[in-house]
Structures are given as structure tokens and as C-alpha cells.
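Colleague: Please open the model so that we can go through its local features one at a time.

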Amino acid sequence: MSTNSMSRMTPYMFLAPAAGFMIVGLLYPIGYMIYASFLDWNPSQLIGEADFIGLRNYTSLLGDESFRESLTVTLKFSSIVVVTEMLIGVGLALLLDRNIRGISVLRTIFILPMMIAPIVVGLMWRYMYHPSVGVFNRILKDWGFEPIPWLSDSGWALASIIIADIWQWTPFIFILALAALQSLPRSALEASRIDGASGWQQIIHIKLPLMLPVLIVTGLLRLIDSFKVLEVILVMTNGGPGLSTEIMSLRISRTASEFRELGVAAAMSNYLLLLLLTLTIIMFVYNKIIDAREASVRQAVEEG
Amino acid sequence: MPNIRFDSVEKCYGTVKVLPPFDLDFEDSEFTVLVGPSGCGKSTTLRMLAGLEDVTSGEIYFDDKPISHLEPKDRDIAMVFQDYALYPHMNIAKNMSFALRLQKVQKKIIDEKVHRVAEMLGINELLNRKPGELSGGQRQRVAMGRALVRDASTFLFDEPLSNLDAKLRGKMRTELAEMRNTLDKNMVYVTHDQVEAMTLGDRIVVMANGLVQQEGTAEALFESPVNKFVAGFIGSPPTNFLEADLFEESGLLFARGEGFSLRLASALKDSLDTLSGRAVTLGIRPSVIKPGSEAPADSAQISLYVKLCEYLGAHKVIVTMCGLHEVMIESQSSARFETGVEAQFAIAPEDIMVFDKNTELRL
């Protein structure tokens, strides 16, 4: 081998171990899942014994009432939590972006929920939502209100898991929004004060527009994440009562373990994957557009 | 336009005293330059005037109205920032009209004002661009335009030219000087560049270590600095300083230092009567040291070792040594000096500034 072709090979040789891990750890399971989604496969069978049924898993899912219900719950859950978390997180960031005594302690406390393991969060909230000994109902009772069936009523259960998710994930938005805020050009904010902007006008005309690129990416990340939430809801309601809190990932896990239909579960996972892929591509394209615009601006400046 | 008055204004950050209480007056329609080395408190002074920094104690008055508790927007000021501080997400027209749009001025009037100012500054064709698409000089103009559109009574400039390259800075300086003549406004300008200060300011306030050292016209500061700092800060190349002791001989006053003895102006003598033997610092501007051959007979003579000559086109800077001290001399570029030898130079006694060595005040 000549030194020339050696040196051309070098980067690939360095990449090879990582590529190997990627293929084994990522592509193989995904390929396996895609293949499995075309099978009528029971967990007691080996994968080779399962019947190949083409796209039937996918088509039957489209007509499946429970699957559609689960999709609706997921979309409802995700859109509500993301919007609420964005509002609260950005609001808190705007509120706490200042130098007051003890602010760093406050900030640390705010991000604590994010650091707790999801199972623990689920258990914690299940106890707090407990109909008789839970802290919420005890307080309600002390104040003379009727107790609320937080997790046992299909009307309340979704709201209850949404509250728990908001509690856990608002900090994520908060720290990213705060970081974005603190990197805003200070002099532009001062200029706007001199130009006569009140606090609100500063937020609306200067801060939010300048934070927007970060906020969009944050929102999309959170949206993608919220489609995959499992443990907290599993522990709190296990999808019930009825199907009221059965989000997609939970439905997938139950289809595989309880209904013993691995092919259907795989097909469902692929639907979820497609959904997430679409969101990721939107995010990717958005970043590309921003980069391209900045590049063309730079070019214009250099030429000008 | 209001008279601006600082009345024993003080600024502290926590326990750190940045600016001890000071008074300062800005006359009506005057271009005042605050100049000093970085950290001297000039920017803080401007920012207190703008309302971006709180005043720790004391009061700022616009005419007789106390304003230190007012928000920046209620002070009728416009400001140009060092880094221009344009709003990156708005185009130039939007940047310039931001204040007017907040005031809910009619769109027609806004357009008219923006176009008039853009015309004046020659940035008409940039109105639809974003700040990121402009060069430094263009951004500088837009920042200026944004302040002008406001039509405020007082304009504040915080080192507006320091981010430009030398050539552009000179050009913008000239334009600013022209603008000063056409606008009947109070202008307060902060810079660390004494050339900018001298060329622009009707009045210059020299600051150092949080204290106002001297204020006055460029000529006054150059001709009669009150202390060693001002003498050293104003003028380029800077004033040469030599340590010396005073002594009196046959009714004349002399300063004797390492390797020189210079006769001082007789006008000084009376006030120095009692000061014989006192330690002083002599301040000698590079432009007043002449080659010995050209000097009038009554001038003070000094022998200097010529180290090198810097040719600068219109003039020359000769670097010489007086003992261990470097002494700069400014001369015509046609003058010839041999390097590496001692040469005789002369200084008119009245051109020698004498400062007390301890207080650094001019005697």
C-alpha cells in the first residue's frame, strides 16, 4: 500500500470503531424493528417462525380505534405541555434575569425537578395525588373543598399527568431561555431603554425576537421529548382510567408485553419514529435556513 | 436646550467608590468632551447622565429640574454607543424609527423624518437592510441616524468612533465636527483619544482616577495645564518629564537635574522665591525643543544624546536621551540630525512647565 492511499485511508480507520458501534447499536435495532413491523409475530415464536404479512400491521393500525385514541392523547398531551412549559419557562427566565440577592440559589432550585429520575417523579406525584392521603386532597379538604379524583377520573387524569410533566420539564425551557436572555447584546437593550421602551415593550420588541431562534429549537426538542415520555405516566396511571392517559409509548409497551403482538408494536413504533423524524427534519431544515441566511449576510458584508 | 448640572454627584459600586462627589456644568448647546484613560470614570459619568446607571448620591439637573430619578426615556436624550447597539432583527429604517414608533407618531411623519436623516447621513439606500449586512462605518452612521431621528435635546456619545479603523475614524470625526456646527443641541462626548477630544470639543473635561482634573478649551488645556497629568495626556507626542531641583543664582531661577541645568522663566521667579531647593518635575513639550544653532541667545541650553530619528512625513520625531530618560523632540522633517552623538538643544525658559514633584500641581 502506498503512503498516499494510506493517508487517504487514515480518517476512515479512525472512524471505523465509532461507525461499528453505530451500526451495531443503532442501525441494527432499527432495521430489526422495521423488519418486525412486517410480521405477525408472537413473543413465543422465534423471529424466523413469524409469518410475513406485509403492510397489514400498518393498515390495521390506521383503522384501530384504540391506536387513534392513543395518538390523540399523545398529541393533546404534547401540545399542551410544550405550550405551557414554554410560556412558564420563558416567563420565569424573563422574571429571574436580574441581579438580586440569592438568585443563583433560586435558579438551582428551579432546575432540581429535571435532575430527578422519571420513575421517582412518577412515584412522588402518585403519592401527592393519592385520593385520601395525598397532599393535594388534604389541602383541599382543610380548606373545605371537595377532594378531586386526580388519577382515578378519566376527566382529571390527563390534566394530572400534564401538571406533573410541566413540573418536571419547565426547568429545561427555563435554563435554555435564561441562557439565551443572558447572551443578548446588553447595549441593544440599553439603547431600547433610551429609545423609550418600557419593560414590556423591551420584552416584546427586543428580547423575544432576539431569543426566537433558541426558543424554536428548545420548543422542538421538548416536543420530540414529550412524544417519548413513558415512565412517569406508567407509574402514575399506567394509561388509565380507560385509555384516557394512554400515550403512544405506553400503548407500544402494552401491545408488546400484554397483547403479545410484537409486529403491531413495531409498526406503532415506526409510526412514532416517522412523526419524530418529521419534527427533527423540520428542526434541521430550520437550522440550515438560519445558517444559510447568516452565510449570505456575511458574504454580502464582505463584498460590500 | 437645557443646561445640565452635576451637583456633588457620587457613584459607588457596593463599597467601592468609583467617583467621589463632583460638580460639573454643561453649558447650553455646547459640545463637551469627557476625556481620560480607561477606568477614569468618564463612561460612568455619561451613563449616569443617560440614566443607565444610578446616582449613588447627589443630583443631576436639567436646568432646574432634578432628573436622577427619571427613567432614560423621560430625560429627552439620545445616545450613540461604542458598539452601535443596533437592533439586529430590525432593518435600518425600523432601527431608526424605533423610538418614534414607540411614541405612536404617525407613520407618515416617521417616514419623512427617517428619510430626511438618512439623506443627511448618506444611508438612504441601506434602509431595507439589516445591521448584519452593513460595514462598521455604515453601522456607525445608522447609530448616529437613530439618535438624530429622535430630535432629543441632548446627544450622548460613548466612544462612538473607537471601533472604526484609523482612516474611517478620521473621516467620521470630520463629519461629526460638521454636524456639531449645524445642530443646535447639547452634546456630551466620551473618548479616550485626546486627538478626538481636541478636534471636536468646544470644551474638554479631562478626567483621571474618578476626578475631574481640568476643564476648558483645547487651547487652554494645551497651553496651561494645571497639573502633570493633563500636561502629559493632552498633546502628541506626549510631554517629556524630567526630575529636577530648583536653585537660585544671581536673581535667576534654575532647575538642575541629571546632566542638565536649565534657566526657568523670570515670570516664575516671584512665586518660587521661597522654593529654592525644592524637588520638581519639569514638563517640556516635544515641539518647544529646538536645535541649539537656531536658538535665541537667552534660551536655556541642554545637551542630549540623539538616539534615533522617526520620519513622519510632515515632521520628524527625534528620540534622545537625557541621562537615563527618553526625551522626544518634534522638528521639521527637513532638519538633519546625526544619530549616536551628543547634540546641543535649546528651550525658551517660558516654555518649560514646572510641577511640584509631590502634588504634581503646576507651580
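**Loops, charges and confidence**

Modeller: A:Arg260 sits in the loop of chain A between helix H11 (248-257) and helix H12 (262-303); helices (H or I, at least four residues) and strands (E, at least two) are DSSP runs, numbered from the N terminus. This is a predicted model, in which local features need pLDDT of at least 70, side-chain atom pairs count only at pLDDT 80 or more, and totals for chains, interfaces and linings use all residues. Residues are numbered from 1 along each chain as its sequence is written, chains are lettered from A and ligands numbered from 1 in the order in which they are written, and side-chain values use heavy atoms, with hydrogens and water left out.

Colleague: What is the phi of A:Arg260?

Modeller: A:Arg260 is partly exposed, at a relative accessible area of 41% (buried means under 20%, exposed over 50%, partly exposed in between, with a 1.4 Å probe and protein chains only). The residue is not a glycine, yet its phi is positive, at about 55 degrees.

Colleague: Where is B:Asn209 found, and what is its phi?

Modeller: B:Asn209 belongs to the loop between strand E9 (203-208) and strand E10 (211-216) of chain B. B:Asn209 counts as exposed, because its relative accessibility is 69%. Although B:Asn209 is not a glycine, its phi is positive, at about 50 degrees.

Colleague: Is the peptide bond from B:Ser236 to B:Pro237 cis or trans?

Modeller: B:Pro237 lies in the loop of chain B between helix H8 (228-233) and strand E11 (240-249). Omega for the bond from B:Ser236 is near -5 degrees, and the bond is cis.

Colleague: Is B:Asp63 buried, exposed or partly exposed?

Modeller: The loop between strand E4 (57-62) and strand E5 (65-66) of chain B holds B:Asp63. This residue belongs to a surface patch of negative charge, together with B:Asp23, B:Asp25, B:Glu27, B:Asp28, B:Asp64 and B:Asp184. With a relative accessible area of 40%, B:Asp63 is partly exposed.

Colleague: How many Å separate the C-alpha atoms of A:Ile289 and A:Pro29?

Modeller: A:Ile289 is in helix H12 of chain A and is partly exposed, with a relative accessible area of 45%. A:Pro29 is 260 residues from A:Ile289 along the chain, and their C-alpha atoms are separated by 32 Å.

Colleague: What is the mean pLDDT of chain B?

Modeller: The predictor gives the complex an ipTM of 0.79 and a pTM of 0.78. pLDDT is its confidence in each residue, from 0 to 100. In chain B, 97% of the residues reach 70 or more, and the mean pLDDT is 86.

Key: pLDDT = per-residue confidence, 0-100. Patch = residues over 30% accessible without salt bridge, like charges linked within 9 Å, V, L, I, M, F, W, Y side chains within 5 Å. Areas by Shrake-Rupley, 256 points an atom, 1.4 Å probe, with all protein chains shown as cover. Salt bridge = Lys/Arg side-chain N within 4 Å of Asp/Glu carboxyl O. Lys, Arg positive; Asp, Glu negative; His and termini not counted. Charge placed at Lys NZ, Arg CZ, Asp CG, Glu CD.
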